[in-house]
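Please look through the sequence and the model below before reading on.

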Amino acid sequence: MFFLFKSSWAETHLKGEITENLILYSSGNPYIVDSDIVIPQNVQVTLKAGTIFLFQASTGMKLYGKILVEGNIENPVVFTSINDNIYNPVSGQSPSSVDWDGIYISEDAQEVIMKCFKLMYSINGIKSNKKEMKINDAFFAENGK
C-alpha cells in the first residue's frame, strides 16, 4: 500500500507500492522516502521539474511500470540521501555513498524516460536489467557502485 503524507513542515512522506498513476510536483518538496517505493506494472509515475527526493537509509525505488522524469537544466529532479546537507539543511549527519539503495529497473519495466536529474549518495545509482530506456542530462555523484 502506498502512503503519501503531507506534513505541516512542507515535506511529503512516501512509502510502499503506488497503485494508480501519479504526478509529483515540486510544491510537495522535499519528498522523504521512508521505505521502498514500488512502481508496479501498468502504473505511471511522472516527476516534474524541481522535485527533490530524500531517501532514508536502506530505501530505494523499484520500477516495474513506467517512470517519466521531467527535469530541466534550471530545475533538475533530485534523488539523494536524507543526509545531503545541500537539499536537507537540517540534517545532522554528513552524506555517504552508501546512504540509500538507489533505483532498480526491472527488465519488464514498461517505459523509462529520465531527463535532467541528479542522483547522489546511493549504493547502486541506477541498477537496470531493462535493455531499452532513455536517460538524458543525468548527473551522478558519490554513489557506491
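This is a predicted model: local features need pLDDT of at least 70, side-chain atom pairs count only at pLDDT 80 or more; totals for chains, interfaces and linings use all residues.

The largest nonpolar core has 27 residues. Within this core, Ile39, Leu47, Phe53, Ile67, Val69, Phe79 and Ile103 touch the most other members.

Leaving aside residues up to four places away in sequence, Phe79 touches Leu47, Phe53, Phe55, Met61, Val69, Trp100, Ile103, Met114, Phe117, Lys118, Leu119 and Met120.

A pair of aromatic rings is described by how far apart the centres lie and by the angle between the planes. The whole structure contains six aromatic pairs. One of them is formed by Tyr31 and Phe53, which are stacked, with 5.2 Å from centre to centre and 20 degrees between the planes. Tyr31 belongs to strand β4 and Phe53 to strand β6, so this pair links distant parts of the chain, 22 residues apart. Both partners are buried, because the relative accessibility is 4% for Tyr31 and 1% for Phe53.

Phe79 and Phe117 make another pair, here edge-to-face, with a centre-to-centre distance of 6.0 Å and 75 degrees between the planes. Since Phe79 lies in strand β9 (residues 77-81) and Phe117 in strand β11 (residues 111-120), this pair ties together parts 38 residues apart in sequence. Phe117, at 1% relative accessibility, is buried. Ring pairs join Tyr31, Phe53, Phe79, Phe117 and Phe140 into a cluster.

Next comes the space left inside. Rolling a probe the size of a water molecule over the atoms shows where empty space remains. For cavities of 30 Å³ or more, the count is one. The largest cavity holds about 50 Å³ of space. Its lining is made up of 11 residues, and Ile18, Leu24, Ile37, Val45 and Met61 lie nearest the centre. What kinds of residue form the lining of the largest cavity, by class? There are 11 nonpolar residues, no polar ones and no charged ones. Strands β3 (22-24), β4 (31-39) and β5 (44-48) each contribute at least two residues to this lining.

The backbone has some points to check as well. Most peptide bonds are trans, and most residues other than glycine have a negative phi. The bond from Asn29 to Pro30 is cis, with omega near -20 degrees. Pro30 sits in the loop between β3 and β4.

Ser58 is not a glycine, yet its phi is positive, about 60 degrees. Ser58 is in the loop between β6 and β7, and is exposed because its relative accessible area is 58%. Tyr121, also not a glycine, has a positive phi of about 60 degrees. Tyr121 is found in the loop between β11 and β12 (126-128); at 18% relative accessibility, Tyr121 counts as buried.

The loop between β6 (52-55) and β7 (60-63) also holds Gln56. Is Gln56 buried, partly exposed or exposed? Its relative accessibility is 27%, so Gln56 counts as partly exposed. Beyond residues up to four places away in sequence, Gln56 touches Ile32, Val33, Asp34, Ile82, Asp99 and Trp100.

Methods: Residues are numbered from 1 along each chain as its sequence is written. Side-chain values use heavy atoms; hydrogens and water are left out. On a 1 Å grid over the protein atoms alone, a cavity is a set of points where a 1.4 Å probe fits but cannot get out, and a pocket is an open set with protein on both sides within 12 Å along at least five of seven lines; lining residues have an atom within 4 Å of a point. Grid points are joined across faces, edges and corners, and a volume is the space filled by probe spheres set on the points. Helices (H or I, at least four residues) and strands (E, at least two) are DSSP runs, numbered from the N terminus. Ala, Val, Leu, Ile, Met, Phe, Trp, Tyr, Cys and Pro count as nonpolar, Asp, Glu, Lys and Arg as charged, and the others, Gly among them, as polar. Buried means under 20% relative accessible area, exposed over 50%, partly exposed in between (1.4 Å probe, protein chains only). Contact means heavy atoms within 4.5 Å. A nonpolar core is a set of buried Ala, Val, Leu, Ile, Met, Phe, Trp, Tyr and Cys residues joined through side-chain atoms within 4.5 Å. Rings of Phe, Tyr and Trp (its six-membered ring) pair if their centres lie within 6.5 Å; planes under 30 degrees apart count as stacked, over 60 as edge-to-face and the rest as tilted.
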